[in-house]
Amino acid sequence: MSQSVELDRVTMRFGASTAVRDVSLEIRAGEFFSILGPSGCGKTTILRLVSGFAAPSSGRVLIGGKDMAGIGPNRRPTALIFQNLALFPLMSVGENVAFGLEVRGVPKVERERRARDLLALVALPDAADKRVDALSGGMKQRVAIARALAVEPQVMLLDEPLSALDLKLRQHMRAELRAIQRRTGVTFLYITHDQGEALTMSDRIAVMARGVVEQVGTPAAIYDRPETPFVAGFVGETNALPGRVVSVADGLARLDTARGPLLGRAGPGLVAGAVATLFVRPERTLRAATPPADGQSVPAVLLHVDFEGSFAMLVLAGADGGRLSVQHRNDGTELPPEGAGVHLAFAPQDAVVLATAAEG
Amino acid sequence: MDTLLRHYGPVLTAAIVTATAVWLLALVVLPYLAMIEFSFHPNLPVPQMGGPNDRYTLDNYASLFRGLDLATGTVPDDLRVFLRTIWGASLVTAISLCLCYPVAWYLARVAAPERTAFLLLLLVIPFWINEILRTFSWYILLAYNGPLNALLKATGVIDAPVRWLSGSAGVLVGMTYAFLLFMLFPLYNALETLDRNQVEAARDLGAGTLRIHARIVIPHARPGIAVGCVMVFVLSASSYVVPALLGSPGTRWFTETIYQWFFEGQDWPRGSAYAFVLLALCIGFIMLVMRVFRVGLDEIAK
C-alpha cells in the first residue's frame with residue numbers, strides 16, 4: 001500500500017523570508033525519493049508541508065491525488081520519523097510501537113501482537129518490554145521505524161533520521177532502510193543533507209537550494225549530468241573552470257577560460273556569449289606529463305597527494321592559483337614529486353558546461 | 001561536604017557546617033522536640049508540672065476523636081474541623097491544578113518567549129505584596145457591598161447581592177489565589193522541558209489533543225504536578241491568614257483550632273498534639289502524592 005505525493009507550485013513564506021519557492025514535485029507511489037540540500041534550503045519545510053504540520057502559503061499538496069488542504073497531521077496517511085526520533089521515553093518499546101494502534105482503538109491483545117510482528121520486521125524481536133532509554137542509537141532507530149510502520153502509512157516521511165548515528169551504523173542503516181522500503185513498498189520521502197545517503201538509497205533525488213528545486217533525477221543522472229552549477233558543486237567532488245561560452249555546436253560548448261579554450265557538453269539553455277563554468281569530476285580526469293594533442297587540458301602544479309589506498313587524490317594548483325584535483329587509480333605507477341608541473345586532461349564528453357550568470 | 005572542603009578550606013567549612021547545624025538544631029529540631037514533649041503531657045497548672053500527676057499520656061491526641069460515635073454519626077467539633085480542612089485543602093489543590101494547567105501549557109508551549117516573560121512578570125507582581133494585604137483585598141472584593149456584587153448586579157447576572165464570605169467560597173477563592181504560583185511554576189517548568197517533537201509525533205500517529213495530553217504531556221509533567229499539589233495542599237492545610245480573614249464561623253480551619261487551644265484555651269499540650277496531627281497529615285499527603293505520581297523524594301525536593 002502506497003500512494004504518490006504531489007507538490008503543485010507550493011510556496012511557503014515565514015514573515016518576510018520565503019522557505020520554499022514555487023516548488024512542484026511528483027513523487028511516485030512506492031518510490032524511495034530523497035530531497036537533498038544544505039541546511040536552510042527548505043527541505044524540512046517540505047516535509048512539514050507533506051506531513052501536515054504546516055500549510056503552504058500558496059499551492060497544493062496532494063497525497064494519492066487528493067488535496068490535503070485542511071487535513072491535519074493526525075488524519076493524513078503519512079508517518080513521520082523525526083530527526084531526534086521523538087520516541088516516548090515514558091512508554092516501553094512495545095507501547096511506543098503500538099501507540100498509533102492504541103489511538104485507532106485496536107484492542108490491546110491485537111496491538112501487542114502487531115507491535116511484536118513489527119519489532120521482528122525491524123530485527124528487534126524481544127525488545128517489546130524494554131525501556132526506550134535502554135536501547136542503543138541504532139535500536140532506537142528501528143523502534144522509530146516500527147512505530148511509524150504500525151499505522152500502515154501510505155507515505156513515510158523521514159527527516160534526516162540517520163544523522164545522530166556514527167558512521168558505521170549509518171552505512172548499515174542505509175541498507176536496512178532501503179530493504180524495509182523494498183519489503184513494505186511504502187513511498188519513502190527522505191530528507192537529507194548527506195549526498196552519500198541520497199545517492200545510495202534513492203530511486204530519485206531532488207536537489208534543493210534556497211527554497212528552489214534545482215534538479216530532479218536518478219542518482220546517476222544527478223551525479224553524471226548535473227543541470228545547474230549548484231548541483232554540480234554540491235553533489236560530489238568537482239573541478240570548476242569558469243569562462244565565457246564561445247560557441248555551442250553538436251551538444252558541445254567551447255568555453256574560453258583563463259587556461260585556454262576547453263570543450264565540454266553544453267548544459268541546458270546554454271548560448272554563445274554566456275558566462276559559464278566547466279565542471280569535470282576528478283575521477284574523469286587524467287594526469288598528463290605533456291599537454292595532449294587535442295588541447296583539452298589545463299596546466300597545473302602538483303601541490304600534494306592525498307593517498308586513499310585504492311586511489312590517490314592529486315591536489316593541483318592551476319595557473320591562476322585555483323585548486324584542481326585529479327583522481328589517480330592506484331595501478332602501481334609512480335606519482336610525480338610535489339611541485340612538479342603536470343597537465344589535467346579530460347575528454348569533452350566527461351565535462352559539462354553550465355551557465356553561471358544566474359548565480360549572481 | 002567534600003565539595004565544600006575543596007571550595008572553602010577546613011576553617012570556613014567548619015564554620016558553615018556549624019552555623020547550619022546550630023540553625024537547624026536551635027530553630028527547627030529543638031522547638032519540634034519541645035512540642036512533641038508537650039504533646040504527651042497532660043495540661044496541668046504550673047505548680048503541678050513535674051509532679052506526680054505529670055505522666056506521659058496519649059490523651060491529647062485521643063481528645064481529637066473524643067465524642068466520635070459512628071453509630072449515631074456524631075462527629076466532635078475539632079475532628080469535624082480537621083476533616084473539613086483536609087477536604088478544603090484537597091479542593092483548593094484540585095482547583096489550582098485545573099486552573100494552572102492550561103495557563104502553564106499556554107505559557108510554556110504556545111506563547112512566544114517574550115510574551116511568556118511578560119505574562120510571568122504580570123503573574124508575579126501581585127505576590128510582591130504581603131499575603132495579609134492580598135487576602136484583605138479579596139475580603140474587599142467579595143464583601144456584601146463590594147465591587148464583585150456591584151458588578152454582577154450592574155450586568156444583571158444577579159438580582160440581590162450574594163454573601164460570598166459566609167460559606168466556604170471565600171476561603172477557597174482566597175487560598176487558590178494565595179498559592180496559585182506554587183502550582184503554576186512547577187507545572188510551567190515541567191511542561192517547558194517537553195520536547196516539541198513528542199507532541200508532534202503523537203499527533204502524526206493520529207492522536208487527538210485529549211489523548212496527547214493524557215498519554216504524553218501529563219505523564220511528562222508528573223513531577224511538576226506532584227510538586228505543585230504538595231505545595232498547594234501543605235500551604236492550604238497550614239494556612240492561617242486566609243481562613244481567619246475570609247472564613248466565617250462555619251468554615252473554621254484546623255489551624256484556627258490549634259491557635260485556639262494554644263492561646264485561648266491555654267492548653268499547650270493539646271495545641272501541640274493537634275499541630276503534630278496536622279504535620280502528620282501533610283507528610284501523609286506528600287507520601288500519597290509520591291506514590292500516586294510515582295515520583296521520588298529527590299524530584300519533590302527539586
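The legends below describe close-up views of a predicted model.

Residues are counted from 1 along each chain as its sequence is written, and chains are lettered from A in the order in which they are written. Because the model is predicted, local features need pLDDT of at least 70 and side-chain atom pairs count only at pLDDT 80 or more, while totals for chains, interfaces and linings use all residues.

**View 1. Chain B is built from 14 helices and zero strands.** Helices (H or I, at least four residues) and strands (E, at least two) are DSSP runs, numbered from the N terminus. The C-alpha atoms of chain B fill a box of roughly 75 × 70 × 40 Å along the principal axes. Of its 302 residues, 28% count as buried; a buried residue has 20 or more other C-beta atoms within 10 Å of its own, with C-beta atoms placed from the backbone. Two residues are in contact if their C-beta atoms, placed from the backbone, lie within 7 Å. Among contacts in chain B with a separation of 6 or more, 68% come from residues 24 or more positions apart.

**View 2. Helix α5 (residues 131–142) of chain B crosses helix α7 (residues 169–178) of chain B at roughly 140°, and their axes come within 10 Å.** This makes α5(B) oblique to α7(B). Angles under 35 degrees count as roughly parallel, over 145 as roughly antiparallel, 65 to 115 as roughly perpendicular and the rest as oblique. Axes are lines fitted to C-alpha atoms, for helices over the stretch in contact, and angles run from 0 to 180 degrees between N-to-C directions. From α5(B), Glu131(B), Arg134(B), Thr135(B), Trp138(B) and Leu142(B) meet Gly170(B), Val173(B), Gly174(B), Tyr177(B) and Ala178(B) of α7(B). The residues of this contact divide into five nonpolar, three polar and two charged. Ala, Val, Leu, Ile, Met, Phe, Trp, Tyr, Cys and Pro count as nonpolar, Asp, Glu, Lys and Arg as charged, and the others, Gly among them, as polar.

**View 3. Four strands of chain A form an open sheet in the order β2-β1-β4-β5, with antiparallel pairing.** Two strands pair if DSSP finds at least two bridges between them. The edge strands are β2 (17–27) and β5 of chain A, each pairing on one side only. Five bridges join β1 (residues 5–14) of chain A to β4 (residues 58–63) of chain A. In β4(A), Val61(A) is the bridge partner of Leu7(A), and Leu62(A) is that of Glu6(A). Helix α1 (residues 43–51) of chain A lies across β1, β2 and β4 of chain A, running at about 115° to β1(A).

**View 4. Strands β4(A) and β5(A) form a hairpin with two residues between them.** The two antiparallel strands, with β5 at residues 66–67 of chain A, are joined by two bridges. Ile63(A) stands opposite Lys66(A) in β5(A). In the turn, Gly64(A) has a positive phi of about 60°.

**View 5. At the interface, 15 residues of chain B are in contact with 16 residues of chain A.** On the chain B side, α9 (196–204) and α10 (209–237) each supply at least two residues. The largest share, six residues, comes from α9(B). By class, the side of chain B that touches chain A has five nonpolar, five polar and five charged residues.

Methods: A residue is buried if 20 or more other C-beta atoms lie within 10 Å of its own, exposed if 12 or fewer, and partly exposed in between; C-beta atoms are placed from the backbone.
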